[in-house]
Amino acid sequence: MSANQSHKLWYAQPAAVWEEALPLGNGRLGAMVYGNPANDTIQLNENTFWAGGPHNNLNPAALESLPEIRRLIATGDYPAAEALAAKTITSQGAHGMPYQTAGNLQLEFPGHSQYQQYYRELDIGSALVTTRYQVQDVVFTREVFSSFVDQVIVVKLSASKAGQLNFSAHLSHPSQSAFSQEDANTLAMQVQSKDHEGIKGQVKLASLLNVNLSGGSLIQRANRIQVSNADSALILISMATNFVKYNDISANALERSREYLAQAKRNFENNQYTSRKTAHSDFYKQYFDRVSLDLGKSEFAQEATDQRIHLFASRHDPELVSLYFQFGRYLLISSSQPGGQPANLQGLWNHRQDPPWDSKYTLNINAEMNYWPAEVTNLSELHEPLIRMTKELAITGQESAKAMYGARGWMAHHNTDIWRITGGVDHTWGSWPTSNAWLSQHLWEKYLYTGDKKYLADVYPVMKSAVTFFEDFLIESPNKKWLIVSPSMSPENAPKATGTKIAAGVTMDNQLLFDLFSNTIAAAKILGEDKKHISVWEKTLSRLPPMQIGKYHQLQEWLEDWDDPQDKHRHVSHLYGLYPSNQISPIRSPELFSAARVSMEQRGDPSTGWSMNWKINLWARLLDGDRAFKLMRDQIKPALTLDGSVNESGGTYPNMFDAHPPFQIDGNFGFTSGIAEMLAQSYDGAVHLLPALPQAWPEGEVKGLVMRGGFVVDMRWAEGQIRELKIHSRLGGNLRLRTHSLLPAVNNFKVKKITGNGKNPNPYYQQAQIKKPLKNTTKAMPQLSLANAYLVDVTTEAGHDYVWGASQ
């Protein structure tokens, strides 16, 4: 099988449901292609078409009730505290606006219900969907792409014989639409977003359908374009809204859409279809081709994708794992382009007016999880929409900090939308004030991968403002005199001991604040900023609670030892310190590492989609590749049963979307980052190669993974040992490598063997020192030792390659 073929999802039948349709996107415009010969649907999205309009959803009653909520928590009256918080912290109005479908392009082909030789594919190597089938002696082909360079959705229809193309095309939308004729070849559809939870729908969407023919004739009738006896047809769909930014909807949607279409028509005229398709794919490939992955071959790669998903758990199909990994990268490129909106709960793709959880941004893991692959899989630029959303939340979040908590700085609760709301939503789930810390972790991590001080200076005020909020918000715990977050929760779990979610001083908050304060202090020192504040922040940091090991030798989830070993909750929030953070390590904190493993064993493997994929990353950090691979088998199982119903235990839909269920894109992104973590890690003082390689992948090759400090890893392994290795150093500095077998020889640079675990002098590998954990158990657990690992240092120069083995 060629490399190109290995990047294809293909099917022998059209999509019957949305979860079988194939996704396309250019960051702004999304399309789901069904590929039905007689009555085709291409479902459309525009990433700024949301319900409602500019607003914030604050509950000012929080300020007055805060002392009482804290008193009730401190005295152990958790039900009363949670009830009061649900009334006074959670919004009593809007709970976030839904992301909405932009409607459909409907294509009708008379006489095509009887077909043969059907084939449908998504080529994630070139971001192109192709459908092909035969009616009598004519082969019909449809190509669809969402153009990165022309900002329209492009549909090319062709027939193998001249004059055989007959069809009608029209736009539709589930809400009330206004149609008009722009010109002889162009129809317009205008829609207004819906009202929701008391917020008037104010987003205007203008969609233009343009059809140009080679041969044949075209007429417009009843808001349809009808084509007769054409050789081929080129359809351009232009979409735009009046959205400018979260607090500005002053644009003219129709004029914007017209401008996109006019430019695209100029670019496509004079038979430029092939060159524009190539320009689109070339733009896409500048991202996609940075990383390649080969985990081995099998004969199953020749089978249809839905068949391979159905049988994956019962056989060895390593190419499907590689495809799944690259599919996550494809989705991020397609749903998160610089200057656009971040990938939401469904990325870019949604066919409903009221999608599950409104397809918003859930900030207690899901929005962050979408971006776990960004840096490590060489897509750093695509991190920009999330970082810009964080900067915008740092503005609207000053309102919630002041009005609800009387605090300086900025904060947001566990959910937001395109309007950057920062109030609490979802009733008893609303009292979680720590998303500012988790989002700030992304600001810092991007710096560790890129070394861009200009960027760090740009985002530092956002980090500082989040720290400032907690300077005002933290309170002293009654017993230990620790500084704790109250009220809060361990998302979205309720301990059996209290039966309520609301709590104070939960482990995840303590971990998040440790990172926030440590990283902001480090950033301030790098930039030479706020020297007077650093000592204050260091004092606060020293008073945060340490992590604790509970009576079952588990990592405690709460300040009190409330964990239940039978708790199978999907959230494993207290394991943030293991992944995506770097606080729990087999080298620096072996007891916590052991306790984290116990927590993972107790929580169990079966879970919903995104949770299962978080666990892949966690098991990779626990250096257990076989357990991580087991979770992959659990993930790649059919989410649709043979009768078409949804398997409630999650899995994967036929189009390779992750099933929570229903579809949530975070699971796809978590799978991709999980494979990266299995192959290379850089959180623990060194670049650790093949840290969690499962027995199922004894040989393979990966190219283009990025480690902290700007080291790009290309490696080939066989029999579980690295045979060839190339490290490209973008930033220079000390490269420390950790491996489990000796590396091949080098001949043109010096390699220094390191003994012990001394400090790596590379500044991007400096690690804040956590507090010694408190132990509430006398159990002694076995600890993993990396004493027998091989550790070497190489002094690198920026822009140079360092090669071990045969490829030098």
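How many cavities of 30 Å³ or more does a search of the whole structure find? The search finds 6. Keep in mind that this is a predicted model.

**Stop 1: the largest cavity**

Select Trp372, Glu445, Tyr579, Pro580 and Arg708. Among the 17 lining residues of the largest cavity, these lie nearest its centre. The volume here is about 230 Å³.

Now colour the helices α8 (372-376), α10 (435-450) and α17 (666-679). Each supplies at least two residues of this cavity's lining. The top contributor is α10, with 5 residues. Switch to colouring by residue class: the lining of the largest cavity shows 8 nonpolar, 4 polar and 5 charged residues.

**Stop 2: the second largest cavity**

Next, select Gln554, Leu555, Asp563, Asp564, Pro565, Asp567, His574, Ser599, Gln602 and Arg603, which line the second largest cavity. Its volume is about 70 Å³. By class, this lining has 2 nonpolar, 4 polar and 4 charged residues.

**Stop 3: the largest pocket**

Move on to the largest pocket, which holds about 580 Å³ of space. Centre the view on Trp444, Ala522, Gln766, Gln767 and Ala768; of the 31 lining residues, these are the closest to the pocket's centre. Then show α10, α12 (507-527) and α13 (531-542), the elements that give two or more residues to this lining.

Which element gives the most to the lining of the largest pocket? Highlight α12: it gives 8 residues. Finish with the class colours again. The pocket lining has 14 nonpolar, 9 polar and 8 charged residues.

Key
Residues are numbered from 1 along each chain as its sequence is written. This is a predicted model: local features need pLDDT of at least 70, side-chain atom pairs count only at pLDDT 80 or more; totals for chains, interfaces and linings use all residues. Side-chain values use heavy atoms; hydrogens and water are left out. On a 1 Å grid over the protein atoms alone, a cavity is a set of points where a 1.4 Å probe fits but cannot get out, and a pocket is an open set with protein on both sides within 12 Å along at least five of seven lines; lining residues have an atom within 4 Å of a point. Grid points are joined across faces, edges and corners, and a volume is the space filled by probe spheres set on the points. Helices (H or I, at least four residues) and strands (E, at least two) are DSSP runs, numbered from the N terminus. Ala, Val, Leu, Ile, Met, Phe, Trp, Tyr, Cys and Pro count as nonpolar, Asp, Glu, Lys and Arg as charged, and the others, Gly among them, as polar.
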